[in-house]
Amino acid sequence: MAKRDKTSRTPAAPPAWATGADGLPAVSQEELLRYGRHLILPEVGLQGQRRLKASSVLLVGAGGLGSPLALYLAAAGVGRIGIVDFDRVEESNLQRQVLYGASSLGRAKIEAAETRLADLNPHVEIEAHEARLTSANALDLLRRYDVVADGTDNFPTRYLVNDACVLLGKPNAYGSIFRFEGQASVFDARRGPCYRCLYPEPPPPGLVPSCAEGGVLGVLPGVIGLIQGVEILKLLLDLGETLIGRLLLFDALAMRFREVRLGKDPTCPICSEQPTIRELIDYEAFCGLTPAPADAESFEIGPRELAAALARGETTLIDVREPHEHEIAHIEGARLIPLGRLPESLGELDSSEQIVLHCHTGERSMRALEFLRQSGFRKLRNLRGGIDAWSREVDPEVPRY
Amino acid sequence: MKVFVPTPLRSYTGQLACVEAQGATVGELLADLDRRYPGIRFRMIDEQDAIRPHIRFFVNAEQVRDLGAALRPADEVQILQALSGG
């Protein structure tokens, strides 16, 4: 700060921080007050704060991980925050997606996020991209940001984000969660391994439940999302030691962090010296997720039709949810075989019988059906809308969750 | 030795995150795990005895890519599985 007594006679030139004459963005008195606790950190200081203002981060996904990330990055003063998401806010989001409240229900997440973040910090710019990240738009979108944060909830988008970051030479602050477990790292192929060096391929579809199916502790994405947040600020400020080359594992039940070292895979298909992937590919196909089979509908059975078939004793009903979901609500007479146990339970099923599969809303059971079909079963049906539809259309005594 | 099991495979270990198993190599360790928790090996190793590409093994925090890698009783083995949730 200028010393007043020495400069009181001749009007001093305003300092560079107020004008931006040195190339970094100018900050206002209001911002000085707001970021005071950063300014007195020698590692950040006024220059660091102005660097944050000059920087940009793209959040892919504004869900469990993206919510705390967006809030803290905006509060910290990251100048331009892009958010890509296409979902609407649902009740079941509010247990962990702290960016939203009761007043956001039914609104586009992007829109609700903009309102909340503008209130939190009017000095940062929020760029809302209401879209699904695809191979067609990813490079153009990611190109415009310094750092990308992977907070999506599916494998195809995770591989897409990785590949686009490798092709563009951007760091990817990575986090993923399931139940009580989290993983975090920074993938930057210029300086270390990429996501494909760690996991060359995703698990086969269907046999690993997502958070929507397997559940997640509400606070967990807060812990992992903010580890991503810390790493992003360090990357932008060039501070400390980042998670490049390390994977941090978090077990909330044991309350233990573990760490493993990651090396670059010399045979990595995208970041090695002889890459076989040179442009973005079809990630749904790569992850084995062919869009719902064209004939998916022909395998469906409606709740009322199922009730009639059960009454005639013509069908075996299999519930592929988890035991604790079964405890909350179940259809009388259904046999419980959780999806993950299906492969080892094949021998107990009779392929000559008519089998109807059901889950909570119909997705997991469709995957179970696909698995059984590939295993040679033919007389298969999937309960459309799952036990949720059963409760709405056949038996309201069955609780919805 | 101590083996840390990822969440998606804990349905085999009675939800235990950390279990005991023995073996002079990673391959032997997995065979022992399968005796204790039937079915768990097949979720990590395919029909051709290759490590599934979404499963990774780390011994004392260093990745091993070979089932023949030697183990000592004091080693800690971490099994990793890719998670998609966010």
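Residues are numbered from 1 along each chain as its sequence is written, and chains are lettered from A, with ligands numbered from 1, in the order in which they are written. Because the model is predicted, local features need pLDDT of at least 70 and side-chain atom pairs count only at pLDDT 80 or more, whereas totals for chains, interfaces and linings use all residues.

Chain A is divided into domain 1 (55-286) and domain 2 (296-393), with bounds that come from an automatic or database domain assignment. The C-alpha centres of these two domains of chain A lie 34 Å apart.

Within chain A, helix α7 covers residues 109-120. Helices (H or I, at least four residues) and strands (E, at least two) are DSSP runs, numbered from the N terminus. The twelve residues of α7(A) reach 16 Å from the first C-alpha to the last, close to the expected 16 Å; the expected span is 1.5 Å times one less than the number of residues. Which residues of α7(A) are buried? They are A:K109, A:I110, A:A112, A:A113, A:R116 and A:L117. These residues cover an arc of only 160 degrees around the axis, so they lie on the same side of α7(A); the arc is that of the directions from the helix axis to the C-beta atoms. A residue is buried if 20 or more other C-beta atoms lie within 10 Å of its own, exposed if 12 or fewer, and partly exposed in between, with C-beta atoms placed from the backbone. The buried residues of α7(A) pack against α6 (66-76), β2 (80-85) and β3 (125-130) of chain A.

Further along chain A, strand β6 (residues 181-187) pairs with β7(A) in the antiparallel sense over four bridges. Two strands pair if DSSP finds at least two bridges between them. One of the links between them joins A:G182 to its bridge partner A:F250 in β7(A). Strand β7(A) is also joined to β8(A) by six bridges, and these two strands run antiparallel. Here A:L248 has A:E259 in β8(A) as its bridge partner.

The hairpin of β7(A) and β8(A) has four residues between the strands, and A:M255 takes a positive phi near 50 degrees there. Most residues other than glycine have a negative phi. A:M255 counts as exposed, with 8 C-beta neighbours inside 10 Å. A:D238 lies in the loop between α12 (220-237) and β7 (246-251) of chain A, and is exposed, with 10 other C-beta atoms within 10 Å.

Another loop of chain A, between β11 (335-336) and α16 (342-345), holds A:P338. Is A:P338 buried or exposed? A:P338 counts as buried, because 20 C-beta neighbours lie inside 10 Å. Leaving aside neighbours within four places in sequence, A:P338 is in contact with A:V320, A:R321, A:E322 and A:P323; two residues are in contact if their C-beta atoms, placed from the backbone, lie within 7 Å. The C-alpha atoms of A:P338 and A:R321 are separated by 4.9 Å, although these residues are 17 residues apart along the chain.

Finally, the contact between the chains takes 39 residues from chain A and 20 residues from chain B. On the side of chain B that touches chain A, β3 (55-59), β4 (62-64) and β5 (76-81) of chain B each supply at least two residues. By class, that side of chain B has eight nonpolar, ten polar and two charged residues. Ala, Val, Leu, Ile, Met, Phe, Trp, Tyr, Cys and Pro count as nonpolar, Asp, Glu, Lys and Arg as charged, and the others, Gly among them, as polar.
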